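Here is a short note for someone opening this entry for the first time. Please read it with the structure in view.

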Amino acid sequence: MGWGIISTWEMAHEGTKKGASILKNGGKAPEAVTEAIKEVENNPEYVSVGFGGLPNENGDVELDAGYMNGDTLSAGMTGAVKNIKNPVILAKNLSEERFNIFLTGKGAEKYALEKGLEKRNMLTEKSENEYKRRVEDVSKKLLSPYEGHDTVGVVAVDNFSTVIAATSTSGLFMKKEGRLGDSPVIGSGFYADSDTGGAVATGLGEDLMKGCISYETVRLMKEGKKPQEAAEIAVKNLDKKLTDKRGKSGDISVVCMNRYGEWGAFSNTREFKFVVCCEGKEPEIYKIEDYKVIKI
Ligand code: SD4
């Protein structure tokens, strides 16, 4: 047991490798997590995060991100922010503030520019075309709005037992202007406490928030559950609660890691992929299929 890093979705493979090499060389979790997420944000191939993220229903790219340092419980959050190259860095900057830790829209953009963060038009030709294609699919009823969206979420623990959790996303496809999901909301999209561990979530934000799923996963680890057990209980309980009370549950996926670098992941979806790297191992891609963890 030692350092470790775990990330949602296969798109985080390269970023997780980068984060792992930082941790392997004695680097710290804040750098490992932000570098891992930046790698995904900066890659225009991924149409659900950062540069090249899918726009909202009006065609504007609005991005969300969250960051939490488990040593101090410092958290920073940003939502519906436009034209900022790396929302995760904006969230990290906000986590260093005493007040005003959650900024959205124009205020978030103003703050980011004051902090010297890079401005960038985040809409690419690829995502604009993909957006148009999906709008057409929705109109032909081949796809429902709000389908097909992935958030990058990363949890890492370093050799100094610092736990960091962070997220970055363009949110739901066809979301309304100003809509925020779980990703920038502390306890829902992400949570970290270095005394215990951290967790991040991906799926339907409107449902993930109803169970404060990341906090709940960390709370279960704090109660003594191993990470895999904590992830399973948290996802199953929320899925059941939503199904009982509302007739159905949206997609819920969680990855988590405790302060010793032990990890867990669970999902109520048909297939959910994630990437893990722990001390002494290479980064590996896994999936949850039919509620089982399978190495790919
Ligand atoms: C949201 N949870 O904005 C995000 C989207 C996501 O997999 O993670 N999709 O609701």
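**Notes on the fold and the ligand site**

1. With 296 residues, a compact globule would have a radius of gyration near 19 Å; the protein chain has 17 Å, so the two agree. The radius is taken over C-alpha atoms, and the rule is 2.2 Å times the number of residues to the power 0.38.

2. This is a predicted model: local features need pLDDT of at least 70, side-chain atom pairs count only at pLDDT 80 or more, and totals for chains, interfaces and linings use all residues. Residues are numbered from 1 along each chain as its sequence is written, and side-chain values use heavy atoms, with hydrogens and water left out.

3. The C-alpha trace of the protein chain spans about 50 × 45 × 35 Å along its principal axes.

4. What surrounds the ligand? There are 13 residues, each with a heavy atom within 4 Å of the ligand. The closest are His149, Thr151, Arg179, Asp182 and Thr202.

5. A side-chain N or O atom of arginine 179 is 2.7 Å from a ligand oxygen. A polar side-chain atom of aspartate 182 lies 2.5 Å from a ligand nitrogen. Glycine 205 uses a backbone N or O atom, 2.8 Å from a ligand oxygen.

6. How much of the ligand does the protein cover? The protein covers 99% of the 290 Å² of accessible area that the ligand has on its own (Shrake-Rupley method, 1.4 Å probe).

Methods
A polar contact is a pair of N or O atoms within 3.5 Å; within protein, one must be able to donate a hydrogen and the other to accept it, and residues adjacent in sequence count only if both atoms are side-chain atoms.
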